[in-house]
Amino acid sequence: MNGSRLLGSGSALPKRVVTNAELAAKIDTSDDWIVERTGIRQRYIAGDDETTSTLAIAAAKAAIADAGIDAASIDIIILATATPDNTFPATATKVQHALGCNGGVAFDVAAVCSGFLYALTTADSLLKTGMGKRALVIGAETFSRILDWEDRTTCVLFGDGAGAIVLQASDGDATGEGVLASRLHADGAQHDLLYVDGGPSTTQTVGHLRMKGREVFRHAVVNLSSVLKEVLEDAEVSAEEIDWVVPHQANARILDATAKKLGIPPEKIIVTVDQHANTSAASVPLAFDTARRDGRIRNGDLVMFEAMGGGFTWGASLMRV
Ligand code: ACO
């Protein structure tokens, strides 16, 4: 086996929807400001009975059902999250137990908003080395729990949710399907532009998200354009050949600016930020599953995934689905 291909996808959202108008009733903001600057109209916020693991498990079950496989056949679980249920053990092990596929590989990946790209690329690599045959790759977050709800510059931007895909080891070169090329990057010098001001080893608290939004925006467009070009070159594919781009859903303006830089028409970009806001590691698989289920992304399409997040970390992956 020298590749991995997609078997199915799933996603899950908390029950409660919070509109911009609802936020504007509590903090000094407005629907107009949020829509104009970000494209966000609403977000889903986890209730007391909903956690990162409950959302991850629901998304995983939907992906397994979509794949039409027995959960027990999954031997690798990688869960991307910055908001785990506990500092340890990994939330992935909770998911594994709930699915009844104990015994294989299960761990969390912390790369914030680009976590799903890191998890996907790691799963693809493990499948290629023969470490397992079927991998569940999940992005799941409850960012509402690390937001400072007094800080209007950040709290309006994020939401909760989960998305998952099932990958299977395959003879990628022979079939031309599955993951065709991936690239990951990090630049720790930019740590202070987007971070959480707490942690077990520093403050012994969970902390709150802090962000210099304008600078993050600037870096995002430059880094994403460059990693997309790298992946296209690696796969020897032109931008015109891409059927869909599934970007990290941070801000509609970042999506527009990046697409414009690469000459990708806006109708090929999957946008769900208006409905889900920024769900960090969950945003790419959540958007992907949404677009598969509404019939936009079909089997055989060439799909580019891309994301950038705190660290900074960023990456992109091209897949024939
Ligand atoms: N409601 C009303 N006014 C607000 C709000 C709000 N929620 N938040 C900020 N403002 C005000 C500011 O106080 C400021 O007022 P001032 O001019 O009187 O000082 C004004 O709006 C402009 O603030 P800026 O921060 O300069 O606004 P900007 O146009 O840069 O938009 C935003 C802010 C939306 C955060 C933008 O910078 C952005 O999207 N950055 C990308 C960050 C991001 O998406 N991060 C997610 C994680 S990383 C990633 O996924 C790529």
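Analyst: The lining of the largest cavity takes at least two residues from each of β11 (244–247) and α9 (252–262), where helices (H or I, at least four residues) and strands (E, at least two) are DSSP runs numbered from the N terminus. This is a predicted model, in which local features need pLDDT of at least 70 and side-chain atom pairs count only at pLDDT 80 or more, while totals for chains, interfaces and linings use all residues. Residues are numbered from 1 along each chain as its sequence is written, and side-chain values use heavy atoms, with hydrogens and water left out.

User: Which element gives the largest share of that lining?

Analyst: That is α9, which contributes three residues to the lining of the largest cavity.

User: And which residues line the largest cavity?

Analyst: The lining is made up of L228, V245, P247, L255, T258, A259, I264, I269 and E306. Sorted by class, seven of these are nonpolar, one is polar and one is charged (Ala, Val, Leu, Ile, Met, Phe, Trp, Tyr, Cys and Pro count as nonpolar, Asp, Glu, Lys and Arg as charged, and the others, Gly among them, as polar).

User: How much space lies in the largest cavity?

Analyst: The largest cavity holds about 40 Å³ of space, and the count of cavities of 30 Å³ or more comes to one. On a 1 Å grid over the protein atoms alone, a cavity is a set of points where a 1.4 Å probe fits but cannot get out, and a pocket is an open set with protein on both sides within 12 Å along at least five of seven lines; lining residues have an atom within 4 Å of a point. Points are joined across faces, edges and corners, and a volume is the space filled by probe spheres set on them.

User: OK, what about the second largest pocket, and what lines it?

Analyst: The second largest pocket contains about 180 Å³ of space, and R16, V18, E22, L23, K26, I27, I45, S144, R145, W149 and C155 line it. Both β2 (16–19) and α1 (20–24) supply at least two residues each to that lining, whose classes are six nonpolar, one polar and four charged.

User: Switching to the ligand: which residues come nearest?

Analyst: T29, R37, R152, H248 and N251 come nearest, out of 23 residues around the ligand (a residue counts if one of its heavy atoms lies within 4 Å). By class, the shell has eleven nonpolar, seven polar and five charged residues.

User: Which side-chain atom sits 2.6 Å from a ligand nitrogen?

Analyst: An N or O atom in the side chain of T29 is at that distance from a nitrogen atom of the ligand. A polar backbone atom of G213 is 2.9 Å from a ligand nitrogen, and a polar side-chain atom of R214 lies 2.9 Å from a ligand oxygen. The ligand taken alone exposes 1,000 Å², of which the protein buries 76% (Shrake-Rupley areas with a 1.4 Å probe). The elements giving two or more residues to the shell are α2 (31–38), α6 (152–155), α8 (213–235) and α9, and α8 gives the most, with four residues.

User: Last topic: where are the cis peptide bonds?

Analyst: One joins F88 and P89, with omega about -5°, and P89 is placed in the loop between β4 (76–80) and α4 (91–99). Another runs from G311 to F312 with omega near -10°, and F312 is found in the loop between β12 (302–309) and β13 (313–320).

User: And which non-glycine residue has a positive phi?

Analyst: Q204 does, at about 60°, and Q204 lies in the loop between β9 (194–196) and β10 (209–211).

Technical notes: A polar contact is a pair of N or O atoms within 3.5 Å; within protein, one must be able to donate a hydrogen and the other to accept it, and residues adjacent in sequence count only if both atoms are side-chain atoms.
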